[in-house]
Amino acid sequence: MVTQINQMKSLKAQHHFLSDPQHQVEVLEEDHGQHFPLFKDKLQTIGLYPLKPTGIEIFQMNLGKMCNQTCKHCHVDAGPDRKEIMTKETMQLCLDALAKTDIPTVDLTGGAPEMNPNFRWFVEEVKKLNRHVMVRCNLTIILANKKYYDLPEFYKKNNVEVISSMPFYNKERTDRQRGDGVFDISIKALKMLNNVGYGKEGTGLELDLVYNPAGAFLPPPQEALEKEFKEQLMEHFGISFNQLFVITNMPINRYLDYLIVSSNYDDYMQKLVNAFNPAAAKGVMCRNTLSIGWDGYLYDCDFNQMLDLKVETKNSRHILQFDEEALNNRKIITGQHCYGCTAGAGSSCGGQVV
Ligand code: SF4
Ligand code: SF4
């Protein structure tokens, strides 16, 4: 039995109208460029339309939507009530595809990717292919059941890079966004990771944290916030980590619901549009990432995956038909949500882009 953090239901379990990705796309596109210029027109003005890949460097896989948490702003709409999970067969297809390429990095995400029963097997198989593995670990999963207590050792043994959400360095702001008790458990999990060498100088074991804003505002500069996080976590808890990734909240799934319910949608979109940065647009993560859904379908990024916008390459839309050359020549599907990646210093799964 895996301990759940709170009892909130996913949008899907609530039968919420936004649980249909098509409805989310309709909300995002209904303005038709009247108040918010079309993202594709913005790209056109800087000579980037159609947006093209620079080559796949990151193979990002969603191992399932099941999670022990139900965070307020989750862009996946993950939670304990989500049952979608990648099968071992689909994982094998991913390994077969990877083996035919030189793609250096595999990025495992979810939900809580560790809840996939074949997670450990898969990590070991990817390491046999000599690829770097990153895991998006929500920290609380490590203490959710004793079968996960040895995850820090498992990560260490396989030299997995651990990337963990930590909305803030105090309890109040973290629990408000991620659920009661999340901060205290996350601190315990971070100590467990530190104890095996993660986030410690000279060990080569990378531990990165991810910050995202608690409300309808853009994130502060990454460098200054990283310094603040490092000082605070060290002073109060003796915790160290490598980098802080600052990300912008994307107007999709539960964050889109929050924006609409709190009447912040127009203001937030305006903020994103006003902050459009051509340099950030050049570095958006879809240009070097391929996103693979739990069912094996292929997407330009994790956000397009959640909006069910599959890659445009008609003959390579599923991992079964993986064709690296065709994918490297595809046109990336963009929409109004893409403003979330190009505001200010930009935003990606690896933090700011400029
Ligand atoms: S944000 Fe991460 S930890 Fe929170 S519900 Fe979504 S997948 Fe789970
Ligand atoms: S949302 Fe996805 S497709 Fe759009 S710019 Fe960001 S990474 Fe690229």
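Which glycine takes a positive phi in the hairpin of β7 and β8? In this predicted model, the residue is glycine 296, with phi near 95°, and the hairpin has five residues between its strands.

Eight strands form an open sheet with mixed pairing, in the order β6-β5-β4-β3-β2-β1-β7-β8. Its edge strands are β6 (244-246) and β8 (298-299), each of which pairs on one side only.

Strand β1 (residues 58-62) runs parallel to β2 (residues 105-109), and five bridges join the two. Isoleucine 58 has threonine 105 as its bridge partner in β2. β1 also pairs with β7, again in the parallel sense, over four bridges. In that pairing, methionine 61 has isoleucine 292 of β7 as its bridge partner.

Strand β7 (residues 289-292) is covered on both faces. Thr289 and Ser291 are buried on one side, and Leu290 and Ile292 are buried on the other. Serine 291 is also a bridging residue: its partner in β8 is tyrosine 299. β7 and β8 run antiparallel and are joined by two bridges.

On the sheet's β6 end, helix α8 lies across β5 and β6. The angle between α8 and β6 is about 135°.

## Helix α7

Helix α7 comprises 14 residues, 182-195. At 1.5 Å a residue, a helix of this kind should span 20 Å, and the end C-alpha atoms of α7 are 20 Å apart, which agrees.

The buried residues of α7 are Val182, Phe183, Ile185, Ser186, Ile187, Ala189, Leu190, Leu193 and Asn194. An α-helix has 3.6 residues a turn, so residues three or four places apart point the same way. Among the buried positions of α7 are Ser186, Ala189, Leu190 and Leu193. After α7 comes glycine 197, which has a positive phi near 115°.

## Backbone features in the loops

Two peptide bonds are cis. One leads from tyrosine 49 to proline 50, and the other joins glycine 110 and glycine 111. Proline 50 is found in the loop between α2 (39-45) and β1, whereas glycine 111 lies in the loop between β2 and α4 (119-128).

Positive phi values also occur in residues other than glycine, including aspartate 77 and asparagine 159.

| Residue or bond | Angle | Value |
|---|---|---|
| Tyrosine 49 to proline 50 | omega | near -5° |
| Glycine 110 to glycine 111 | omega | about 20° |
| Aspartate 77 | phi | near 60° |

Are aspartate 77 and asparagine 159 buried or exposed? Aspartate 77, in the loop between β1 and α3 (88-99), is buried, because 28 other C-beta atoms lie within 10 Å. Asparagine 159, in the loop between α5 and β4, has 12 C-beta neighbours inside 10 Å and therefore counts as exposed.

## Asparagine 277

Asparagine 277 is found in the loop between α10 (265-274) and α11 (278-282). With 17 other C-beta atoms within 10 Å, asparagine 277 is partly exposed.

Which residue is 68 places from asparagine 277 in sequence and 7.2 Å from it in space? The residue is alanine 345, the distance being taken from C-alpha to C-alpha. Neighbours within four places in sequence aside, asparagine 277 is in contact with Thr342, Ala343, Gly344, Gly346 and Val354.

## The two ligands

There are 13 residues around ligand 1, of which Cys67, Cys71, Cys74, Ala78 and Asn138 come nearest. The shell of ligand 1 is made up of six nonpolar, seven polar and no charged residues.

The residues around ligand 2 include the cysteines Cys286, Cys301, Cys338 and Cys341. Val284, Met285, Asp300, Phe303, Asn304, Ile332, Thr334 and His337 are also found around ligand 2. By class, the shell of ligand 2 divides into eight nonpolar residues, three polar residues and one charged residue.

Terms used:
Residues numbered from 1 in each chain as written. Chains lettered and ligands numbered in written order. Predicted model: local features only at pLDDT ≥ 70, side-chain atom pairs only at ≥ 80, totals over all residues. Near = placed C-beta within 6 Å. Nonpolar A, V, L, I, M, F, W, Y, C, P; charged D, E, K, R; others polar. Expected span 1.5 Å × (residues − 1). Buried ≥ 20, exposed ≤ 12 C-beta atoms within 10 Å, placed from the backbone. Contact = placed C-beta atoms within 7 Å. Pairing = 2+ DSSP bridges. Axes fitted to C-alpha atoms, helices over the stretch in contact; angles between N-to-C directions.
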